[in-house]
Amino acid sequence: MERTGTILRGREFEPVEGRVVIDDDGRIEAVEETSVESDDIILPAFVNAHTHIGDSIAKEAGGGLSLEELVAPPDGLKHRLLRAASQDELAAAMRRSLQFMQRGGTAACLEFREGGVEGVRTLERAAEGLSIDALSFARGSIDAMHAGDGFGASGANDDSFDRERTATRETGKPFGIHAGEVDSSDINPALDLEPDFLVHMVHPEPVHLERLADSEIPVVVCPRSNLVTDVGLSPYAELDERTTLALGTDNVMLNSPSMFREMEFLAKLSDLPAAEILRMATVNGAEIADLEYGLVEPGREARLLVLDGDSDNLAGARDPVRAVVRRAGVDDVREVRYGADATADGDGDR
Ligand SMILES: [Zn+2]
């Protein structure tokens, strides 16, 4: 099995014309440089490093409300709408979001899962038969973490989370936590927990940047979410100089879970190079969740995104990496490959 085109190869996304050879186990066997006919652009499928897809039932609700009014537990609009919905309604709405992500080239999402063990089960149900890896960073109880793939803490001002942190260490599952979204008050206590990753970090002070540089704890940034809730924007370049960054689309309530849109916004809001933004959207998120894909290089699982480089949107682009990050969209997706012979068309067939 092989795919041909312009391959964004390895961690540098160096564009090479050639073929990707995939073995029977669905791993990349070789990336060969050769002259080919295809106009396709081949890149690693995305890893959306921060989502809340439970609020797929609340898209565009609450226009003009503050972050607190929108999503603060227990009485923010989101939580009232979640309580009013049945698990079946939630699962159905979440499935639509997962299908959209899958069709848009996303191989995995790191979902901060509300609703305890039941919430984890509802996500499993929503993802049944789909190819996307929907990973639950659960909250509510240690049992929920055991049922899911890790723990996703709301924020260090809400609770101490010491027990939960210890429990994740014992099971070897990752612990993530929101920090520095509205202000800097929860950053030090979040860092004290030595989390596997932080989410947002809009308001780090010099001392926090220093601690980040020392600890190299990865940060997931969510620029469009921060724009909608008007909390400010992370100092992307300063964070990027100190640690690994990944990219997430955050609440479906606030934003469509398209990694293309997230990359484009970040590219245009920051001075980060296109290749760095593409790493944030692929391998950096994969490494946070210990996933074996995220790059097109031999030995990796072949979760690939194939774009039509001759679409009306992309035809003639001079720099394929910049074109993918700043210009491409879901309409340019030709194929999303998951492993040996599985093509996800977004409708659940493999
Ligand atoms: Zn979040």
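**Close-up 1. Helix H1 gives the largest pocket the largest share of its lining, three residues.** Welcome to this predicted model, in which local features need pLDDT of at least 70, side-chain atom pairs count only at pLDDT 80 or more, and totals for chains, interfaces and linings use all residues. Residues are numbered from 1 along each chain as its sequence is written, and side-chain values use heavy atoms, without hydrogens and water. A pocket here is an open set of points on a 1 Å grid over the protein atoms alone, where a 1.4 Å probe fits, with protein on both sides within 12 Å along at least five of seven lines; lining residues have an atom within 4 Å of a point. Helices (H or I, at least four residues) and strands (E, at least two) are DSSP runs, numbered from the N terminus.

**Close-up 2. The lining of the largest pocket has 26 residues.** Nearest the pocket's centre are Leu67, Pro73, Ser154, Asp158 and Glu181. Elements that each supply at least two lining residues include H1 (67-71) and strand S5 (46-52).

**Close-up 3. The second largest pocket is lined by 27 residues.** Look for His79, Leu82, Glu114, Gly115 and Arg139, which lie nearest its centre. H2, helix H3 (87-103), helix H4 (116-127) and strand S8 (150-153) each supply at least two residues of this lining.

**Close-up 4. Helix H12 (residues 274-281) is mostly covered.**

Key: Buried < 20%, exposed > 50% of the residue type's maximum accessible area, 1.4 Å probe, protein only.
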